[in-house]
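Subject: Handover of a structure

Hello,

Please take over the structure below. My notes on it follow.

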Amino acid sequence: MSLALLMSGCAVTSTDSGDDGSTGSDELGGSITIACGAMEDWCQAMTTAFTAETGVQANFVRLSSGETVARLDAARDNPEFDVWHGGPVDGFGAARDAGLLEAYDSPNAAAIPDKYKDADHYWTGVYVGALGFCSNTKVLDELGVDVPESWEDLLDPKLKGQISTAHPSPSGTAFTTLWTQVTRLGGEEEGLEYMKKMHNNVLQYSKSGTAPGQIAGRGEVAVGLVFSHDCVKYQEEGLTDLTVSFPKEGTGYEIGGVALVKGSKNKTAAQAYIDWTLTAEAQNIGPTVGSYQVLTNPDAAVDDRMVKLEDVEFVDYDFVAAAAAKPGLTARFDAEIAAQPKE
Amino acid sequence: MTISNATVPRARRFSLRSRETPLDLTTRIAVVLVVLILGVLIVLPLVNILSSAVSEQGLAVFNSIFSSVNLQVLQNTVVLGVLVGAIGTVIGFLLAYVQVRLDFRGKKLLHLLALLPIVSPPFAVATAVITLFGRSGIITRDLLGITPTLYGLPGLTIVLSLSFFPAAYMNMLGLMRSLDPSLDEAAASIGANKWRTFVTVTLPMLVPGFASSFLLLFVEAIADLANPLVIGGDFTVLSSRAYIAITGEYNVGAGAAYSLVLLLPGLLVFLIQRYWATRKSVVSVTGKPAGRPAVITSIPARIVLLTLSGLLALLIVTIYATVIVGGFVKILGINNEFDLSHYRYVLSGIGSDAMITTTALALIATPIAGVLGLVIAWLITRKLRRGRALIDFLGMLGLAVPGTVLGIGYALTFNKPLGFGNVAILPALAGGGAVLGGAIAIVMVYVIRSSPSGQRSGVAALQQIDVAIDEASASLGASGVTTFRKVTLPLIRPALLSGLIYAFARSMTTLSPIIFITTPQTKIMTSQILSEVDAGRFGNAFAYCTILIVIVMSVIGLLNLFVRDSSVPKAAGLSSATIN
């Protein structure tokens, strides 16, 4: 029924809604494709709900930040995606700098606090996550180490080979970790210096940002560096030895974004999707599939399992500077740290 | 191709004569078609990657390639390839030898077990090995009380050898079954003992098999991306380095440059293998054995061989039991409560879509890859003199090129309509905006990734069949095609079968090239499994793997029946004796 309404609405209003310049695709219909940077079940729940609501067929591919930018770049002339939804906005910034995104100032973005939006409207935040320590209490007990409360605690020689973090190149999460050190310690050199010290305690740099949480959960390592909501998700899924803690010196955070891909073939529907993701109703879907990110719409429901942002100390994270520094810094990390032997 | 001394003059005469007959036209058409197909499927994407690699970013990598870090990465890659190539070949040979030369109960079972890893998607072995033998592994920690660190070279060697040895096994099996036992009998009759016969007669005849197995495993190991990402630790190899450059640093140029370096060791081994196998190969004059290979009865030999293969079988069973059980419990090793939620998740929605799509696409690609590989093998062993090396090389490229690079090359090439100037020749084939939701590009990747195995086993089999048999057919008036269909094809059917099986299984389980061209409309199982492993939901991944294995095993069963039944009646007696 909603589809019929939309179709008839299109016939009448095609003149006044043609102001976005995309002629011939003004009716809300057809299909859109989403590059989804969050957990698979989150992506599925989101697209299913949107299709049910609007009749627009919404498909998705789950991709990490790095993969998304690579694919958008490879298919620049004939984009396969219409929307990028989920994943830290550091990657969105890199895509924007490469000319892969199109600015879109959604009417619904007015409800979202300014600190969660790109000043030029290239992306809008849909959730916020705090970087934390995801520790396995059983393993820590055996090692005789307390739950880490500070970045310095991670340098404890007793934790040799007991820390898991992702590689900052493919993983947005791990880049947040790296940029947090740069911000906290006051410069790229100092930040890399810290990562170099922690390198001795790192078991392996995984590809996926969420993997360290499950590696810790299964007892392969004592501590995983992940966004705290991912740690909570693993706890809920049965890895019950996990516990979340935050560094007292201040930690980094992510804004998960949504953005319009440049050259989208179904721009009207893509914009409708973006509008929808900013509503409280859409954002409330997250917790139903175990994703407890803090939601950016002030009207969205708050869950006990979400991190209370006011209780956590944060560093002053500059997303624009982070996006600009990302390619050079990750290359340095790779050459100077990841491939180096451990002491 | 090798020809024993006695046949050289005849072969030359034959080829001279044939140049004037219409047979050559067929060959020519075949050559043109093969070159055209390979050109689109592999050369074009590579050219696109190459042009990216000589961009500014790519050249920067070449300049720093001899820095200590990059040299370390290069060395790691070669060490891993050699270890996996050697260990995998030995395992494959051992199991094939036991299969052909020993009689024991459970032989068929051992055969199926040896094939099991071939049908396992990437990550299945790795996740199971971590669950079993990791720091908190069920066997290592809970049973033995030790906490070994698998991440790095040891884990990679174990996982890759176990994942890839079936290629060597099938290769050796096909070869050993086509060996003429009368040579062994002759050696025995002139007084050689079993060991001496083995070393001086059997082994030399297996040299092409060893060489091609090692080659296959070496390039598979260095091109593998999935396992280094999951279990590589700080042991960086070229494929993971290229992947990080492309996906993490958004630097396609650097990634392309690393993968060009990755091509070098693969090509080197390829050339060595050609030279070596060419010099040492032994032709069985009759083409096919007249009887069954002699069974080994020596008690000590039996004990050693059966114990070794028994242990291997036990390891494989344990790993796959872990995969199967892992799908039915909450979190294996941590919470072993019976639980169907993984299957409920996998069988609903995208999971079942992915199963149907992946199977359909692989079924389309398999016969194409099988025929392509076989035709190439036939051309390079039988028909071509000039350009033979080039066609062989082009045909093998699909395997030698790392999947990640192939995927990016496909995305670069086929995401937009293909044409010269303003004339469009092909519409966009890859990506969400393409015709049929990008399914065509996925089939193309499947074909080019699997046809080399058909080509390898075809070449190995054809090398064991004397050209004199073709000549006999030609002298009786049969055309080239008729000879191929009625004489050559039945003789190399086991090789064809192994090529087809491998092609299908490979398509179903290939991952790294697919990552870059899966589209929302065409979901592929392996990339769904990657998602699950990534998210740490091993249970869902185990459930997916189990279903995938069941699908592949069923199709292999059907293929076995189909290829056996469609055989030329006359040859049926001969070949069924060698297949079983």
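The centres of domain 1 of chain A and domain 2 of chain A, taken over C-alpha atoms, are 29 Å apart. Domain 1 covers 3–128 + 255–304 and domain 2 covers 129–253 + 311–338; these bounds come from an automatic or database domain assignment. Where the two domains of chain A meet, 19 residues of domain 1 are in contact with domain 2, which also contributes 19 residues (contact: C-beta atoms, placed from the backbone, within 7 Å).

On the domain 1 side, at least two residues each come from helix 3 (65–74), strand 3 (83–88), helix 4 (89–97), strand 5 (124–136) and strand 10 (253–261) of chain A. Helices (H or I, at least four residues) and strands (E, at least two) are DSSP runs, numbered from the N terminus. Helix 4 of chain A gives the most to this side, 6 residues. By class, the side of domain 1 that touches domain 2 has 7 nonpolar, 10 polar and 2 charged residues. Ala, Val, Leu, Ile, Met, Phe, Trp, Tyr, Cys and Pro count as nonpolar, Asp, Glu, Lys and Arg as charged, and the others, Gly among them, as polar.

Two points on how to read this. The model is predicted: local features need pLDDT of at least 70, side-chain atom pairs count only at pLDDT 80 or more, and totals for chains, interfaces and linings use all residues. Residues are numbered from 1 along each chain as its sequence is written, while chains are lettered from A and ligands numbered from 1 in the order in which they are written.

Between the chains, 52 residues of chain A are in contact with 46 residues of chain B. The elements of chain A that supply at least two residues each to this side include helix 2 (40–54), strand 2 (57–62) and helix 13 (319–338). Helix 3 of chain A has the largest share, 7 residues. The side of chain A that touches chain B divides into 21 nonpolar, 18 polar and 13 charged residues.

Chain B has 25 helices and 4 strands. Of its 580 residues, 56% count as buried (20 or more other C-beta atoms, placed from the backbone, within 10 Å of a residue's own; exposed is 12 or fewer, partly exposed in between).

One residue of chain B as an example: L399(B) lies in helix 17 (residues 388–400). L399(B) is buried because 26 other C-beta atoms lie within 10 Å. Not counting residues up to four places away in sequence, L399(B) touches V219(B), R449(B) and P452(B).

Regards
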